[in-house]
Amino acid sequence: MSSAALSGPRILFRQIREVMAGEGDPERRLQKIVQLIASNMIAEVCSCYLMRAGDLLELFATQGLKQEAVHNTRLRVGEGLVGDIAAHARPLNLSDAQSHPQFAYRPETGEEIYHSLLGVPIKRGGRVIGVLVVQNQTMRVYTEEESEALQTIAMVVAELISSEEMIAATELLDTAGNATKPHRLTGRVLAEGLGIGTAILHEPHIVVRKTIAENIAEEIERLNSAVARLQDSIEDMLSVSDEAFTDESRDIFEAYKMFAHDKSWLKKMTTAVDSGLTAEAAIKRVQDDTRNRMSQITDPYIRERLSDLDDLANRLFLHLDGNIEIDRQHLDQDTVVIARNMGAAELLDYDRVRLKAVVLVEGTRSSHVAIVARALGIPVLGQCAEISKSVEEGDLVLVDGENGQAFLRPSDDVIQTFERSMRHRAERQAKYAALRNKKAVTLDKQPVQLNMNAGLLIDLDNFQDAGADGIGLFRTELQFMVRSQMPKVDEQTELYTKVLDKAKGRPVIFRTLDVGGDKALPYLEMKEEENPALGWRAIRIGLDRPALLRSQLRAMVRAAAGRNLTVMFPMIAEVSEFLEAKAILMREIERESNRTGIKPEAVAVGTMIEVPAIVWQLPQLLKVVDFVSVGSNDLMQFFFAVDRGNSRVTDRYEMLSSGFMSVLRFVAQECNKANVPVSICGDVAGRPLEAMALLGLGYRNLSMSIEGLGPVKEMVRSADTAKIADFVNKLCNMREPTVREQLRAFAKDHSVII
Ligand code: PEP
Ligand code: MG
């Protein structure tokens, strides 16, 4: 925001303050304010719509539209351009509003002569309470500065509208008492589990009570002190050498530190105070701006960073005037946190014993918060847009992270049923814990290796208790994704050393970086691609940018000094790619050994089977690899040509189909013939019914997320592989899109616990 653009608001704010401080009917004062805005912004129209009960936006004051429209023109949220601004809580800037598909013409307003339109939401405590619009006859384009200035003005208007006298005079903001009724909401499961607790809002609905500064120098001083306190508090957090402070959260706080010193962020806030706002209004103004940007960006990495910035603004509020942080480390009751979105560091801020679940308005399964929550066993429901409208702080919330639903203010029956489900789950879990030290051997005495998939150091902490034989897949990219800068070789070495230390001699398969597609890294220049899943990703990046692959392999070699090193490459489509990648590894081992005389005790090199092309080169591939692991998530994606991230099509095809099972059987047979160890590490390995079929198809090594280990071990111990193989072979020869029911019936008839 340039200061030139804000000299206007500064004068305007003074005039608005005089009107607000004046006497008389609040509606008359609102009318005066729209006149002031119109003349200040050189607009022919300025109108203010306010939210009525039932999500209706009513025209309350206008300069330029016909006066008889006041209190008569009403639009539903989502209806017309004004309704659209309220529904999305974001500005709209149009040079020809009438040609916009959402335009809804209201003859009583006489607005047909106005073409350009700039509208912004009026928000209070995170909710939209109205819309402020300016219009001009000419088809003009409002500048970015004008849009920002109008958003700032909307904050000031929000203060007037929320005043007690305004509410008393107009019965505004009557929400018809919705907030007391029980309510069921649906969302997407981002982390499995069941949780019950009292709602707290992660983004405390910060209500700015005073928008216009009385003394700008004082406000600058308040802002600067708050920034200094924020910076100190982050330093303090980073200096704690606490066990609970994991390496992942340290990385994330390092990123916060960078943002807290970010000049452009600080400058934007100072400029907003200069324009006449109080320190809190300036923080809010810049935060709203970040949120607007966030709603338009799809790149997952940039979204995560903007969400960090958003969190930082929340923290900054709490430091104003020395008000210190809400204590999230010590919650005094079981809690469900409600957030629009959240960074992984913020999740780690909460008391882990009392935090029972999280509900997000946004969020995806691959977001950092979901990854960390799964590692911590905290259920998360995401993409639950309705939650922010329906929940109040203090409400009881049940989160069903098995079926993708949440219950707000539930009735007693619902609570009882839910508690019953929780007891069943706890019993199941206790049963699995008892199996921890028992062997995974089938009834016909076939040993089965059960491994865990991991990617964070937190996973390794759980590994001790999980009863897994080893780490069948260590997704190294997760470490890269939670950082703001490319980790240096030494940092990577330190990490891989910790992983091997924590594994205490049990085997660990390190997979080299599998980035690209939806896993973006900021320090890797990535062009936008039409089909990222088929694009420049995984080993393709590694071979095109060998320095990156080399530095990662070097770190692994150093970490494994005197120990076993097992490396696996992702997305290999040609034998030649594997040989090229393996040669890079071998060169690194030799280089290290020449330099220091130290090398791994033994080295095994393998590849993922994820691309159908490599399945047809198995006889050649198996001569050169030490092992393979089937990545069924990607193999299915490419086999069926179905985007694994697109919920519209992912459920259309199935692993338990005659076709895909035949492919899996072929891979296992070829590997067994060639005497090359084969495992499977896609999601299917962790589901008991699918895992039972995999035993029948010839797999004896399954790697899965932690929650699959108990149920799959129980299944293995109740299964007879010879009988399953007979049955599964018959199913492979059929032509069924799904044989799920047949397998269920088999399990029931043969008492296999699935
Ligand atoms: C797979 O593709 O099955 C796999 C295990 O890798 P990721 O899910 O990390 O792509
Ligand atoms: Mg994969």
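**Close-up views of a predicted model**

**View 1. The surroundings of ligand 1.** In this predicted model, ligand 1 is surrounded by 14 residues, of which Arg475, Arg511, Gly631, Asn633 and Arg644 are the closest. The side chain of Arg475 places an N or O atom 2.8 Å from an oxygen atom of the ligand, and an N or O atom in the side chain of Glu610 is 3.0 Å from an oxygen atom of ligand 1. Ser632 contributes through its backbone, where an N or O atom lies 3.1 Å from an oxygen atom of ligand 1.

**View 2. Helix 20 and the elements that cover it.** An α-helix has 3.6 residues a turn, so residues three or four places apart point the same way. Just after the end of helix 20, Gly597 adopts a positive phi of about 75°.

View 3. The eight strands follow the order 7-14-13-9-10-11-12-8 in an open sheet whose pairing is mixed. From one strand to the next, the twist averages 30°. Within this sheet, strand 9 (residues 193-201) is paired with strand 13 (residues 396-401) in the antiparallel sense over six bridges, and Ile196 has Leu398 of strand 13 as its bridge partner. Helix 12 (residues 368-376) packs on the sheet, where it touches strand 8, strand 11 (355-360) and strand 12 (380-382), and the direction of helix 12 makes about 65° with that of strand 8. Helix 14 (residues 412-435) also packs on the sheet, touching strand 9, strand 13 and strand 14 (405-408), with its direction at about 130° to that of strand 9.

**View 4. Strand 5 and its two antiparallel pairings.** Strand 5 (residues 116-124) is largely enclosed by the rest of the structure, because eight of its nine residues are buried, which here means under 20% relative accessible area. Strand 4 (residues 92-94) pairs with strand 5 in the antiparallel sense over three bridges, and the bridge partner of Leu92 in strand 5 is Gly119. Strand 5 also runs antiparallel to strand 6 (residues 127-136), to which it is joined by nine bridges, and Pro121 stands opposite Val131 of strand 6.

**View 5. Loop residues with positive phi.** Ile42, which lies in the loop between helix 2 (26-40) and strand 1 (45-52), has a phi near 50°, a positive value in a residue other than glycine. The relative accessible area of Ile42 is 66%, and the residue is therefore exposed, the cut-off being over 50%. Asn675, in the loop between helix 25 (658-674) and strand 21 (678-680), likewise has a positive phi, of about 60°, although it is not a glycine. Asn675 counts as exposed because its relative accessibility is 68%.

Terms used:
Residues are numbered from 1 along each chain as its sequence is written. Chains are lettered from A and ligands numbered from 1 in the order in which they are written. This is a predicted model: local features need pLDDT of at least 70, side-chain atom pairs count only at pLDDT 80 or more; totals for chains, interfaces and linings use all residues. Side-chain values use heavy atoms; hydrogens and water are left out. Helices (H or I, at least four residues) and strands (E, at least two) are DSSP runs, numbered from the N terminus. Two strands pair if DSSP finds at least two bridges between them. Axes are lines fitted to C-alpha atoms, for helices over the stretch in contact, and angles run from 0 to 180 degrees between N-to-C directions. Contact means heavy atoms within 4.5 Å. A residue is near a molecule or strand if one of its heavy atoms lies within 4 Å of it. A polar contact is a pair of N or O atoms within 3.5 Å; within protein, one must be able to donate a hydrogen and the other to accept it, and residues adjacent in sequence count only if both atoms are side-chain atoms. Buried means under 20% relative accessible area, exposed over 50%, partly exposed in between (1.4 Å probe, protein chains only).
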